[in-house]
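Please look over the sequence and the structure shown here, and then read the briefing that follows.

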Amino acid sequence: MDNKTVTQQTMIAETTSWPSPAKLNLFLYITGRQENGYHELQTLFQFIDLCDELTITANASGQITLSPDIEVLLRKII
């Protein structure tokens, strides 16, 4: 087994979790548009004591996948 194979196998097994804190938008105004298409915003928000947890696991496919499938979750909501 060469070093590249060992590195890929090690990378695939690595998983990390990060908090995704919630916020409450008190207001959000679109104040303009930049030449690159992005909007200029004026906002005021407050972080609240709720959060999701994002778990990220590297895979060898080179693709980004969501689990559970976001489309399945959206169908349940709608």
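**The largest pocket and the chain around it**

In this predicted model, 16 residues line the largest pocket, and those that lie nearest its centre are Thr55, Ile56, Thr65, Leu66 and Ser67. A pocket here is an open set of points on a 1 Å grid over the protein atoms alone, where a 1.4 Å probe fits, with protein on both sides within 12 Å along at least five of seven lines, and its lining residues have an atom within 4 Å of a point. Residues are numbered from 1 along each chain as its sequence is written, and totals for chains, interfaces and linings use all residues, whereas local features need pLDDT of at least 70 and side-chain atom pairs count only at pLDDT 80 or more. Side-chain values use heavy atoms, with hydrogens and water left out.

- Strand E2 (39-57) and helix H2 (70-77) are the elements that give two or more residues to the lining of the largest pocket, and E2 gives the most, with six residues.
- Helices (H or I, at least four residues) and strands (E, at least two) are DSSP runs, numbered from the N terminus.

**The chain as a whole**

- The chain has two helices and two strands, which run α-β-β-α from the N terminus on.
- Of the 78 residues of the chain, 0% count as buried, a word that stands for under 20% relative accessible area with a 1.4 Å probe and protein chains only.
- Among contacts (heavy atoms within 4.5 Å) in the chain between residues at least 6 apart in sequence, 53% join residues at least 24 apart.

Conventions
Buried < 20%, exposed > 50% of the residue type's maximum accessible area, 1.4 Å probe, protein only.
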